[in-house]
Every structure is written in structure tokens, then in C-alpha cells.
Amino acid sequence: MNQPDAQKTLSAAWTRIHHSEWNQIAWFVRLVNTDMTKLSEGDLLKWKEDFRAMECEDSDLGIFQRPSENDVRYWKPNNLPVRSLPNLPALEDMQEVRSAVTQVLTDLADGRDTDGPRLYAEYYVSFKKTSVSDEKRGLPRYQIMRCEIGQPLILYSETLPIRLALLLERHAEKVRRCLGCKQIFVQLKKTRKYCESRCQARTSMQKLRKRRKDLEDKKLASKNQKQDRRSKGAVRGKK
Ligand SMILES: [Zn+2]
């Protein structure tokens, strides 16, 4: 696939996912609730493209972030090489991601402690002397570089669970289990107990039907009892 086509599938994927953090977590929840082995070929391709979008999107999810309040003081790389798009994941890669994030999201939905993936990284701060001419132009005497060195994350099964863990730092409490269908969902409002209003309506309808049926069963049972007693009485009367 050439680069412009790949870019097109990327932006199509983001149209499906949406960029907000809530929507990204909702995407992970959809992944947990989707059986990857039962997808049509077209849907599977869409999921693969979504995976790639989530994998390569540059975001503010850095682990050691450069503080933005002092932009001059902190060194900014300006000639970073453009990263080429990663290959689409294989079904096994997707399954691996799915089972890793299922563990975390299930624990959170059911109110248990949980851990995100473990990442080994080295971190140091470097002080870079500004050239005399730049200093004369008013730049600070030193520029600060925050450096992270870690094994490069290249596998979907490494990058995506970390992405989810970073998102959950701010939204963990929104991951819940629906009282109706028992699936995991992300709360939009704190009071939401159901994945969607249709599910809530369906559940209260089921409850209502069950209550009606229980009542009818009870009526029927007492009617049968009365009849039973009457027929026994009739038998006794014959004697
Ligand atoms: Zn539901």
C-alpha cells in the first residue's frame, strides 16, 4: 500500500474511533466485547486499521512529559525522522492485545485491583549548554533535555496495552459492568448503570414481565389449590 492510501485508511480509522480519551477507552471496551474470530473479512480489516491507528498516533500520552509551562527552557527535537506506518497486525497480535486489555478492564469493571503492563525504561535529565550567541539572543544558559531510553516498543501487544493504561490513569473509575447485559462499558455520566438506554429499557421490560408472570403463577397456584381442595371435599362427600 502506498503512503497516501495508508494515510487515508488512518484518517478513516480515526473517524471510527474519535480522538477523545473517552472514545479511545470506549474503543478498547468494544474490542473486549467483540469476538475477533467471528468477524466478516471487511470488519476484520477495519479492526486491523483501527489497531494501526491506535498504535502509531502521536499523542500526549508520553510517560515522562516535557513540561509545557516553560517551552524555551526545555529542548524540543525538531528534526525527528518521520516514522513509516507499521504493518497491519495479524489476527494473533490482535488476540494477544485483546486478552491483555480484557484482564485490566474486567478487573476495573468488577471493582478489583489491577496492573497495567510493565515497561522497563531508563530516564535521565541532561543539561545542554546554550551557545554564547544564543545566550546573547536571550535564551537560557542551559537547555534541559528529558531523556527516556527503553527497549523500543515494536509489538502491538506492547504498545496498545500501555496506551490503555495511560488513558486509564485519568478514567479508571468510568469502566463499569452493565446491570442489564453484563457487558463492560464506559460511563459518560457517573450515575449510568447501563451500557445504553436501550439496554436499560429492555431490562426493566424483562423485570416487569417477570413480575407479571410471577403474579399470574401465584394466582394460578392458589386457584389450583382451591380446586384441589374442592375436589377432595367432593370425594369425601361421596363416601
Ligand atoms: Zn447493557
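In which kind of crossing, left-handed or right-handed, does helix 3 pass helix 6? Helix 3 passes helix 6 in a left-handed crossing, a term used where the near helix is turned anticlockwise from the far one by less than a right angle.

This model is predicted: local features need pLDDT of at least 70, side-chain atom pairs count only at pLDDT 80 or more, and totals for chains, interfaces and linings use all residues. Residues are numbered from 1 along each chain as its sequence is written.

**Overview**

The protein contains 7 helices and 4 strands. Of the 239 residues, 18% are buried; a residue is buried if 20 or more other C-beta atoms, placed from the backbone, lie within 10 Å of its own, exposed if 12 or fewer, and partly exposed in between. Among contacts between residues at least 6 apart in sequence, 69% join residues at least 24 apart. Two residues are in contact if their C-beta atoms, placed from the backbone, lie within 7 Å.

**Helix pairs**

Two packed helices are described by the angle between their axes and the distance between the axes. Axes are lines fitted to C-alpha atoms, for helices over the stretch in contact, and angles run from 0 to 180 degrees between N-to-C directions.

| Pair | Angle | Axis distance |
|---|---|---|
| Helix 3 and helix 6 | about 70° | 9 Å |
| Helix 2 and helix 4 | roughly 110° | within 9 Å |

Helix 3 and helix 6 are therefore roughly perpendicular to each other, a description that covers angles of 65 to 115 degrees. Phe51, Met54 and Glu55 of helix 3 meet Tyr156, Thr159, Leu160 and Arg163 of helix 6 in this contact. Helix 2 and helix 4 are likewise roughly perpendicular. Their contact is made by Phe28, Val29, Leu31 and Val32 of helix 2 together with Arg98, Val101, Thr102 and Leu105 of helix 4.

The 16 residues of helix 3 should span 22 Å at 1.5 Å a residue, and its end C-alpha atoms are 23 Å apart, which agrees. The expected span is 1.5 Å times one less than the number of residues. Among the buried residues of helix 3 are Trp47, Phe51 and Met54.

Helix 4 has 19 residues and reaches 26 Å from its first C-alpha to its last, close to the expected 27 Å. Its buried residues include Met94, Val97, Val101 and Leu105. The cover over the buried residues of helix 4 includes helix 2, helix 3, helix 6, strand 3 and strand 4. After helix 4 comes Gly111, with a positive phi near 75°.

Leaving aside residues up to four places away in sequence, Phe28 touches Val101, Leu105 and Leu164.

**An exposed loop residue**

Arg118 lies in the loop between helix 4 and strand 1. Because Arg118 has 6 C-beta neighbours inside 10 Å, this residue counts as exposed.

Key. Helices (H or I, at least four residues) and strands (E, at least two) are DSSP runs, numbered from the N terminus. Angles under 35 degrees count as roughly parallel, over 145 as roughly antiparallel, 65 to 115 as roughly perpendicular and the rest as oblique.
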